[in-house]
Amino acid sequence: MNISLCLNKKYIPYATVTVISLMLHETEDLDIYLVHQDMDDNDIRKMSASIEYAKEHLTDELRKRLSAVRVLPEVRLHSIRVDADRIPKEAPVTNNWTAEIYFRLMFTELLPPEVDRILYMDCDMVAVHSVSQLYHCDLGDKLLCACIDLRADTCFDDMQPMQKKMLGPLKEKGYHYFNSGILLFDMNAMRERHSFDDYVKALKEWDYQVIAPDQDLLNYVNYDETKVIDWKRYNFFARNAAERGITSQSIYDTDISVVHFPGPKPWNNSGDHYEAELIWWDIAVLYDGYDNLLYDFMHSAMTDTRLKRLIDRVTTEWKSIQNENDTLRAQNNELQSMCRRLTEIVENLAGKS
């Protein structure tokens, strides 16, 4: 089974957890294609060692807890270095949208020709059941398959103006906006039909104003070449688990295969958190850098300024309310004084009459 992850050095620990999660739930050997621009051979060796560590430390108790297979598959890591200069300098790149998001658009020129099919996954995903059925699904005449981005698709009118302008005409044709977190590519068909230049051309047509860069481009270029698959099974957001009462243990009794942690990450204290994020931590315990993950999480919690910002905002609002109360109190006193004077005038007039 061919799997691809696009990452940088910073994301090695989280990508390793993703690989471990796949290894725990697959019976087929895994060829993992690591697409990057800044990793070296030592990084790959460390990842391989981390995977072996996970194999050696999978106890019977953990195997049962994580619903892992009895015989773990072989995992082979393949390093693919990207020339990031291929990405137009005008392409949006931020702290949240790093250059690595564009690498999946380069698969036709990056992956070896013997790779005829590949499953791309974001590094903030973990498998809780096998993805084999997805990997071997019949694509028919489609080039790839993806899950509907539920919120964006059902709330299309709330999308950004440029997204509505460029994708609106496609929606009228019955197309559904999809999420790029997990993608199955028919690489032979993709090589025949597309190249990275197609996405660069699309980027120019958008005047470089893509909002969710790679996702918008994939939707724009491949809107009628994409088979829609069940998001509840293959791209289940952690917040969906919280909303549906699914816990880190009960999830193994469902048919959910992949859990996605978009937005705030389980390994970082920023943002809101859900009990379902323990799914990630339960797998991460097999990573040989687990103690470092715990330390980093603790450090982010201890240095988190969100609470101070919240207190400052509440304090400011409270002072504003107090000022408004003082103003209202003064106005009320003035009104009462006027009422007393008016009463006196009325009483005087009544006495004279």
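**Cysteines, sheet and pocket**

Reader: How many disulfides does a search of the whole structure find?

Author: The model is a predicted one. A disulfide requires two cysteine sulfur atoms within 2.5 Å. Searching the whole structure for such pairs gives a count of zero.

Reader: Which cysteine has the sulfur nearest to that of Cys145, and how far away is it?

Author: Cys145 takes part in no disulfide. The cut-off for a disulfide is 2.5 Å. The nearest cysteine sulfur belongs to Cys137, at a distance of 4.2 Å.

Reader: Is Cys145 buried or exposed?

Author: A residue is classed as buried when its relative accessible area is under 20%. The relative accessibility of Cys145 is 0%. Cys145 therefore counts as buried.

Reader: In which sense do β6 and β8 run, and what is the bridge partner of Leu144 in β8?

Author: β6 and β8 run parallel and are joined by four bridges. In β8, Leu144 has as its bridge partner Thr226.

Reader: Which residues of β4 lie on each of its faces?

Author: Strand β4 comprises residues 117–121, and five of its five residues are buried. Both faces are covered. On one side are Arg117, Leu119 and Met121, and on the other are Ile118 and Tyr120.

Reader: Which bridge partner does Arg117 have in β7?

Author: β4 pairs with strand β1 (residues 2–6) in the parallel sense over two bridges, and there Tyr120 is the partner of Ser4. With β7 (residues 178–186), β4 pairs in the antiparallel sense over five bridges. The partner of Arg117 in β7 is Asp186.

Reader: Which are the edge strands of the open sheet?

Author: Seven strands form the open sheet, with mixed pairing, in the order β3-β2-β1-β4-β7-β6-β8. An edge strand pairs on one side only, and the two that do so are β3 (75–81) and β8 (226–229).

Reader: By what angle are neighbouring strands of this sheet turned against each other on average?

Author: The direction of the strands is ignored in this average. The angle is 25°.

Reader: Which strands does helix α2 touch, and what angle does its direction make with that of β3?

Author: Helix α2 (residues 41–56) packs on the sheet. It touches β2 (30–36) and β3, and its direction makes with that of β3 an angle of about 160°.

Reader: Which strand gives the most to the lining of the largest pocket?

Author: The largest pocket has a volume of about 1,300 Å³. Its lining has 42 residues, with Asn96, Trp97, Asp124, Gly263 and Lys265 nearest its centre. α6 (150–154), β7 and α10 each supply at least two residues of the lining. The element that gives the most, with three residues, is β7.

Terms used. Residues are numbered from 1 along each chain as its sequence is written. This is a predicted model: local features need pLDDT of at least 70, side-chain atom pairs count only at pLDDT 80 or more; totals for chains, interfaces and linings use all residues. Side-chain values use heavy atoms; hydrogens and water are left out. Buried means under 20% relative accessible area, exposed over 50%, partly exposed in between (1.4 Å probe, protein chains only). Two strands pair if DSSP finds at least two bridges between them. Axes are lines fitted to C-alpha atoms, for helices over the stretch in contact, and angles run from 0 to 180 degrees between N-to-C directions. Contact means heavy atoms within 4.5 Å. On a 1 Å grid over the protein atoms alone, a cavity is a set of points where a 1.4 Å probe fits but cannot get out, and a pocket is an open set with protein on both sides within 12 Å along at least five of seven lines; lining residues have an atom within 4 Å of a point. Grid points are joined across faces, edges and corners, and a volume is the space filled by probe spheres set on the points.
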